[in-house]
Amino acid sequence: MRSKLLTAGLVLALTAAFGGVAAADARPGGRPTLTDPHPCPGQPGFTCSTLTVPLDRSGRVPGTLDLPVATADNVTAPKGVLLFLTGGPGQGGVGTITRIATQRMPEVAKDYRFVTLDQRGTGANALRCPGLQAQMGSSDIATPTREAVTECARILGNTAPLYSTDQTVADFDQLRQALGASKMVVDGVSYGSFTAARYAIAHPGNVSKVVLDSVLPHHASASASLYLTGMTAEARVLRAACAVAPACGYDPAQDLAWVVRHRGTADGVKIFDLIVTYEFVDPTYRNPSAGDVIGALHAARTGSPAQLDSLLEAYKSGGDDPASFSSGLHAATLCADQRFPWGSSATPVSWRQPLLSLTARALPASATWPYTTEVATQQGFIQSCLPWPAEHPGSNPASRLPNVPVLLLNGDRDLSTPLEWAREEAAQAPRGQLVIVPGESHSIQNRERGHAGRDAVISFLK
């Protein structure tokens, strides 16, 4: 880890030379500073630098973290700073700035200075847990072994709770100060929507507008950790996809329910993971060139499982590069932040399985259909955190979003963060506007095939 203190003269020289990277007084009690500014490799028009933050703001665990930051060079952008937050948790941000600002949102980049960062434990400084990385990769749903989870917890040791959203939100405000911005637009995608909302709640006076894309509600719940809304939303989404001309002529939700019950829980989790992964390549769910997951389920129900088996192998989770997605950070953050059938991360490990079993017995079949209760309790959200060591939990604000303009975007085919979650969060936004993008799945600003969702962002940020 390193931190470079810049003299005032050198700060001014580097600010001029590298597009105005904020470099403030780094003396004790001074404004936070971005150090080592240099052109971002392969990303013209953007400057990369380092934000040094405390590892533990309580001071109990010593040390600092160096967070890579990327800033657009249009320092005098007329509408100020837009902090763009990537998802996961586990995805880095610096490598995405050219795509989002230059290729996907150039209309916004004319007026705003795009800024992003590798959040703590991601990107160049990703947490590395080899067993978990091999088994889960970037998946929320794939079931890890207990051994892989406990190995990761041992690797992180007493630093594990320091990767909660609370710590990340504090990093965002330190970045705002380093940029010299009194207010920012905060724009988050997927888990980034969670951190964006949490930042707005923690620092309402420091945000001018908020964009929540592919929404994860900011108030954590046991229902979310069981992924109940995501499972039940599959019936709605697959039926809507099947109704598009030429209509399928059968009920894909019934096919899915039949296949899950006849192939057992382990395959049920894999099928759940497959469908959520599959949406990223084919939001129609029926494209033969991507594998036609709806057709594969129907064929499996009628006695021909080869196509489904092929898809399960082709879209199998695990093995992603930690620099692009850290499964260790994913587990550390979710286990600190989320709430579970056993309560929070403070609940002793020995109590958790009995409390999970009590919840499972009380769940009606409708809470998980077309899946089963067993799939809900065996998927990755639950199984990653069930054996995770007890620790002080992250906060879980029940408060509404602040009274600032909030745009919520969601594709109606999204199964990673289903539309129902966006509606739930919209109800907590006094000045919220929900825009539903028909026929699209996850990450509207980054992946939408058309332009309706991005047009909504452009209009909102005028």
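Helices (H or I, at least four residues) and strands (E, at least two) are DSSP runs, numbered from the N terminus. The model described with these elements is predicted, so local features need pLDDT of at least 70, side-chain atom pairs count only at pLDDT 80 or more, and totals for chains, interfaces and linings use all residues. Residues are numbered from 1 along each chain as its sequence is written, and side-chain values use heavy atoms, with hydrogens and water left out.

The unreviewed entry places "domain: AB hydrolase-1" at residues 81-230. That span is 43% helix and 17% strand, and its end C-alpha atoms lie 33 Å apart. The unreviewed entry also lists "domain: Peptidase S33 tripeptidyl aminopeptidase-like C-terminal" at residues 383-461.

The pockets come next. On a 1 Å grid over the protein atoms alone, a pocket is an open set of points with protein on both sides within 12 Å along at least five of seven lines, and lining residues have an atom within 4 Å of a point. Grid points are joined across faces, edges and corners, and a volume is the space filled by probe spheres (1.4 Å probe) set on the points.

The largest pocket has a volume of about 860 Å³. It is lined by 40 residues, of which Gln 91, Ser 138, Phe 280, Phe 325 and His 442 are the closest to its centre. At least two lining residues each come from α2 (97-104), β6 (184-190), α11 (265-278), α14 (327-337) and α19 (444-447). Helix α11 gives the most, with three residues. For the classes, Ala, Val, Leu, Ile, Met, Phe, Trp, Tyr, Cys and Pro count as nonpolar, Asp, Glu, Lys and Arg as charged, and the others, Gly among them, as polar. The lining of the largest pocket then holds 16 nonpolar, 18 polar and six charged residues.

The second largest pocket holds about 360 Å³ of space. Among its 16 lining residues, Ala 142, Ala 266, Lys 270, Asp 273 and Lys 316 are the closest to the centre. Both α11 and α13 (306-314) supply at least two residues of this lining, and the largest share, seven residues, comes from α11. By class, the lining of the second largest pocket has six nonpolar, five polar and five charged residues.

Buried means under 20% relative accessible area, exposed over 50%, and partly exposed in between (1.4 Å probe, protein chains only). The buried residues of α5 (residues 146-156) are Ala 148, Val 149, Cys 152, Ala 153 and Leu 156. They cover an arc of only 135° around the axis, which puts them on the same side of α5; the arc is that of the directions from the helix axis to the C-beta atoms. Glu 147 and Arg 154 are exposed on the other side of α5.

In α15, the buried residues include Arg 352, Leu 356 and Ala 360. Their arc around the axis is only 60°, so they lie on the same side of α15. Ser 350, Trp 351, Arg 361 and Ala 362 are exposed on the other side of α15. The length of this helix can also be checked: the expected span is 1.5 Å times one less than the number of residues. The 14 residues of α15 (residues 349-362) should therefore span 20 Å, which agrees with the 21 Å between the end C-alpha atoms.

Some backbone details remain. Most residues other than glycine have a negative phi, and most peptide bonds are trans. Ser 214, in strand β7, has a positive phi near 60° and is buried at 0% relative accessibility. Tyr 285, in the loop between α11 and α12 (293-301), has a positive phi of about 65°; Tyr 285 is also buried, with a relative accessible area of 0%.

Cis peptide bonds occur in two loops. One joins Ala 245 and Pro 246, with omega about -5°, and Pro 246 is in the loop between α9 (228-243) and α10 (252-263). The other runs from Trp 369 to Pro 370, with omega near 15°, and Pro 370 is in the loop between α15 and α16 (373-378).

Definitions and conventions. UniProt positions are given in the numbering used here, feature names are shortened, and annotations may be inferred rather than shown by experiment.
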